[in-house]
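Biologist: I'm new to this one. Can you put it up and walk me through it?

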Amino acid sequence: NISGSGLDMIDEIRDPQTVPGPYTHFICVERYNSLEDVRYEETVRSLYNYIGLVIQGNADAELYFYTPWKEYNLNGSSAANPAIWVTFTQAEGQFWECIGARINDTLAQRGVTYRVKTLPSGAALAYLVNNATTGTVTDITQGSVTATMNLLFSDAVHLTNIGKYFEACVIHAATVGDPRPLPTVSGVTSGQATTLQDQAWAIID
């Protein structure tokens, strides 16, 4: 595992030793940098197996598939013109939705009642980027497209606090409900928080 502690993740998922009680929520994400991983690393089969472990530990656990996104500088896209990235990420979002549906088909075929819910994180980010760079999103759109992208991204793929706050609003909207009004956090103004909550809810509602 990431800390190198030798933690047995299979046993941990079934019978947690690092947290009190069973895991109540399971969020899985595939690597962002290659859609080929779905084929060659057998995303559907692997996730199905992990879900089985989670359910062994807690039959009432909520299951989620978090959808990633690629760097915005792919295929000629850039901070100054992210249109190609937006189009690709929107299409990729549909691909990930299909993977989530395929996993649920497998669960249905096996006769179990639990299902995975897809979190449209990448597609939601593309929605915000498109709105903020082709129009005006209050407190998010800056004086240039590059400045707007820099407000949301710390590099070509990772997010600033503002971008992270938006993703948190999306996840809240998809798992709990209306993110308005969630509290703001460091690095995010109250105006930005309100706008990002509205944008996230517009996607999920």
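Modeller: First, a term. A nonpolar core is a set of buried Ala, Val, Leu, Ile, Met, Phe, Trp, Tyr and Cys residues joined through side-chain atoms within 4.5 Å. Buried means under 20% relative accessible area, exposed over 50%, and partly exposed in between, with a 1.4 Å probe and protein chains only. This is a predicted model: local features need pLDDT of at least 70, side-chain atom pairs count only at pLDDT 80 or more, and totals for chains, interfaces and linings use all residues. Residues are numbered from 1 along each chain as its sequence is written, and side-chain values use heavy atoms, with hydrogens and water left out.

Biologist: Which residues touch the most other members of the largest nonpolar core?

Modeller: W69, W85, I140, F153 and F166 do, in a core of 34 residues.

Biologist: And which elements give two or more residues to this core?

Modeller: Strand 2 (62-66), helix 4 (83-109), helix 5 (121-134), helix 6 (145-152), helix 7 (161-175) and helix 8 (190-204). Helices (H or I, at least four residues) and strands (E, at least two) are DSSP runs, numbered from the N terminus.

Biologist: Now L128. Where does L128 lie?

Modeller: L128 lies in helix 5. It counts as buried because its relative accessibility is 0%.

Biologist: What does L128 touch?

Modeller: Beyond residues up to four places away in sequence, L128 touches L152, F166, L196 and Q199. Q199 is 71 residues from L128 along the chain, yet their C-alpha atoms are separated by 7.0 Å.

Biologist: Zoom out. How many helices and strands does the protein chain have?

Modeller: There are 8 helices and 3 strands. Along the sequence, the pattern reads α-β-α-α-β-α-β-α-α-α-α.

Biologist: How much of the chain is buried?

Modeller: Buried residues make up 42% of the 205 residues.

Biologist: What about charges?

Modeller: The chain has 11 positive and 21 negative side chains, and the centres of the two sets lie 7 Å apart. Lys and Arg count as positive and Asp and Glu as negative; His and the chain ends are not counted. Each charge is placed at NZ of Lys, CZ of Arg, CG of Asp or CD of Glu.

Definitions and conventions
Contact = heavy atoms within 4.5 Å.
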